[in-house]
Structure formats: structure tokens, C-alpha cells
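Colleague: I'd like to learn how to read helix packing. Could you walk me through it on the model below?

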Amino acid sequence: RESLCPWARRMEKKKKDTVKRKRKQKPSARELHRPRSSDANATFALLLASLSNTPHSVIFINKCLFKLRRFLLLSQTSMTPLLALLPTLLRSTRPELACRASDIIGAASLVSFDANEEFAFDSETVEGLISLFQSRIRKVLLSACNVVLDFSTTTFAQRQVLKFSALNKLM
């Protein structure tokens, strides 16, 4: 060591003094695809804004609804903001929006009894579901039948469906 020149000694000292930096770990695929509440809030805000311009943004609205469905099913995101938009979406003249909205209600109702009761307490949403039976489009009718079956998992929701004469419209 004594035979090393002064600059070599300094370099060796620097090597000892420097702490090895750890590489930043890449997030796993699960972490990348895990929904965050901020994402759900941003998606809801985009959905709300795009509903004011429906004719030009149907594809975008459909994508937002798809993302919101995912957020609702994978995390315990509140249904309250979405409840305000569901009656409008269910009564949409665009069949793909009505089907996607009913799909959200059906899926959330099966995943959580609390979500089911939230939907059942909102009379406008229940009326919107029942209004789907007036459609002449087969896809919408099939979606309406599926959502009523999924929605009717609790006795309160069953009473709400009966209250709004869903059976009469089904017949």
C-alpha cells in the first residue's frame, strides 16, 4: 500500500467511502395495475365532464365506465359519486352506455351487499334499471334481465324491484 502513488491512495479511499447505491426496484405488475382512489376520482371527474358532450364522447365515456367498474370491484371505492350519474347513464339513448352502467350495478351488487343496498335505496337508479325493459334492443334487454337477477340478491332490493313493477314489465 505504501508503494501506491498519492492519487491511487485517494482513489482507493473514495471507493471505501462511497456507499453502494441500491437500484430502484421496478414496481411489480400487480402494483402497476392496482387501482388507486385518486385514479377513481380522476376517472369520475372525466366521466362527469364528458357526459355534457355525449354525442362526441361515447367511446370515452364507455372507457371511463369500464375503468370505474374495475375500481369498484377491486377496491372498496365509494358508490356515492357514481350513484348520481347512474340514472342518466341507464336512460341513455346509446345502448352501449346503458349496458355498461347496468353491468356496473350487477357486478357491484354481487360483490358487496352494501353496494347492493346503496343502489336499492336510490329510487332513481332502480327506476332507471326498470326503464331498460322498454328498450327494443336485444342487448339492452338481456343486460336488463341480468342486472335485475344480480341486483335481487338482497330482500330489500327485491322489494324495490317489485315496488317499481319490474315483473309487469318483464311479462
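Colleague: Which residues of α6 meet which residues of α7?

Modeller: I105, A108, S109 and V111 in α6 meet F113, A115, N116 and F119 in α7; contact means heavy atoms within 4.5 Å. Helices are DSSP runs (H or I, at least four residues), numbered from the N terminus. By class, this contact of α6 with α7 has 6 nonpolar, 2 polar and no charged residues. Ala, Val, Leu, Ile, Met, Phe, Trp, Tyr, Cys and Pro count as nonpolar, Asp, Glu, Lys and Arg as charged, and the others, Gly among them, as polar.

Modeller: One caveat: the model is predicted, so local features need pLDDT of at least 70, side-chain atom pairs count only at pLDDT 80 or more, and totals for chains, interfaces and linings use all residues. Residues are numbered from 1 along each chain as its sequence is written, and side-chain values use heavy atoms, with hydrogens and water left out.

Colleague: What describes two packed helices?

Modeller: The angle between their axes and the distance between the axes. Axes are lines fitted to C-alpha atoms, for helices over the stretch in contact, with angles from 0 to 180 degrees between N-to-C directions. Here α6 (residues 95-111) and α7 (residues 113-121) have axes that come within 5 Å and cross at roughly 135°.

Colleague: And how do α7 and α10 pack?

Modeller: At about 25°, with axes 9 Å apart; α10 spans residues 155-163. N116, A120 and F121 of α7 make the contact with F156, A157 and Q160 of α10. Those residues divide into 4 nonpolar, 2 polar and no charged.

How values were computed. Helices (H or I, at least four residues) and strands (E, at least two) are DSSP runs, numbered from the N terminus.
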